[in-house]
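Good morning, everyone. Let me put the structure on the screen, and then we'll walk through it together.

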Amino acid sequence: MAKKILIADDDVSVRDILRMMLEEDGYEVIEAKDGQEGWEKLEQNKIDMGIFDLNMPRLDGLQLTKRIRLDSRFMELPILMLTIRALVVEQIRGYNRGADEYVTKPFEREVLLARVKALERRLPS
Amino acid sequence: MEILIAGPEPLGKIWEESFASRGWKISRSADFKSALALLPKFPGAVIVFESLLPDALSLNLIREKETRLSLLVSSRLQNSARLIELLNAGADDVISPDMPAELLSAKLEAVFRRFVKPESIGTLKSQDGKIEIDRLKREVLLDKKILDLTKTEFDLLAFILERPGIALERRTLLQTIRTDSDSIQSSTVDKHIEALRKKLGESGSCIRTVHGVGYAWEIGTVPNSVQRRKK
């Protein structure tokens, strides 16, 4: 069965690109336009991985990640964070809040897919 | 967490010291062959220096055999083609010796979180037998009597006792007791340690202050798990 990936990003063009890349590689994609909607989608679907933008209205990527890590239903979810800034302090904060990996925008298709696959391997089989 | 660093001196050595201060146990091997020999029984994560890898394919071979191993590659070549190659060959992450130590630790911890931490299971005992910690029950016995500790005090004590003789930095300790509030200062650690020492009575003196760094459990008090490993 296709793995379900939740994309939360307020930029519709980023969501479109991600959807295209991931679907082409056999993943099923669920979209959310911000962290709050992301949370709702998470509760409604059986999601296997999250790709979140760092900066989003209502609930940002870090807040969403934190909420997920504190909830026993979702705490094991692999999370990949997207960011335009690659500031070291920001990355450290993200990892410490529970993000598994960072990819900076604009991202290359092959890098993103390699990261997604590497993250999948970290899941208990 | 145990880490096997397969890399040449002196770089591996520098990391070794920086990781030890975070409470990670480090083993080393200087060449690829001896690292391979250690892998099947290795309980933790492995960092392989790119210079030791014959080619990316050899990474693939490790990954096929050791599917549950946390495998990182240290590479100075951070171009995306190389990154993709290493990730696809089975690396969980690619790190660079040039990365700031803090970022490196944060990345490693993100990888480690995905694996069962053997240290989080079972019991710990101080060598003099005075203190016993049951992680599953979250219970501490001092001279066979239950000690009433707060959650933070329990976490701190378990973390320090597990790593005897290692000077643990305040920020490392702060991380182990991190709560929802982001406003905790490193003085918070001092406050909790002080409370812990009082509750531990005589055994409280085993928590040594390392000036300018943090705290360490007095060596001479070795947890059970470490004793077992030495046999």
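Start with confidence: pLDDT is the predictor's confidence in each residue, on a scale from 0 to 100. This is a predicted model, so to speak of local features we need pLDDT of at least 70, and side-chain atom pairs count only at pLDDT 80 or more, while totals for chains, interfaces and linings use all residues. Residues are numbered from 1 along each chain as its sequence is written, and chains are lettered from A and ligands numbered from 1 in the order in which they are written.

One more term. Helices (H or I, at least four residues) and strands (E, at least two) are DSSP runs, numbered from the N terminus.

Chain B averages a pLDDT of 78, and 84% of its residues score at least 70. Which elements of chain B have the lowest and the highest mean pLDDT? The lowest is helix H9, residues 224-230, at 38. The highest is strand S9, residues 145-147, at 90.

Two stretches of chain B need care. Over residues 117-121, pLDDT stays under 50. Where pLDDT is low, the predicted coordinates should not be read in detail.

Next, the two chains. Chain A has five helices and five strands. Along the sequence, chain A reads β-α-β-α-β-α-β-α-β-α. Chain B has nine helices and twelve strands.

How much is buried? A residue counts as buried if 20 or more other C-beta atoms, placed from the backbone, lie within 10 Å of its own; 12 or fewer makes it exposed, and in between it is partly exposed. In chain A, buried residues make up 36% of the 125 residues. In chain B, 29% of the 231 residues are buried.

Let's look at the sheet in chain B. Two strands pair if DSSP finds at least two bridges between them. Five strands form an open, parallel sheet, in the order S2-S1-S3-S4-S5. The edge strands are S2 (25-29) and S5, each pairing on one side only. From one strand to the next, the twist averages 25°. Inside the sheet, S1 (residues 2-6) and S3 of chain B share four bridges, in the parallel sense.

Now helix H5 of chain B, residues 101-112. The helix has twelve residues and reaches 16 Å from its first C-alpha to its last. That is close to the 16 Å expected at 1.5 Å a residue, where the expected span is 1.5 Å times one less than the number of residues. H5(B) lies across S3, S4 and S5 of chain B, at about 160° to S5(B). Angles run from 0 to 180 degrees between N-to-C directions, with axes fitted to C-alpha atoms, for helices over the stretch in contact.

Which residues of H5(B) are buried? Among them are B:Leu104, B:Leu108 and B:Val111. What do the buried residues of H5(B) pack against? In chain B, strands S3 (45-49), S4 (70-74) and S5 (93-95); in chain A, helix H4 (88-97) and strand S5 (101-104).

That takes us to the interface. Contact means C-beta atoms, placed from the backbone, within 7 Å. Chain A brings 16 residues and chain B brings 15. On the side of chain A, H5(A) gives the most, with six residues.
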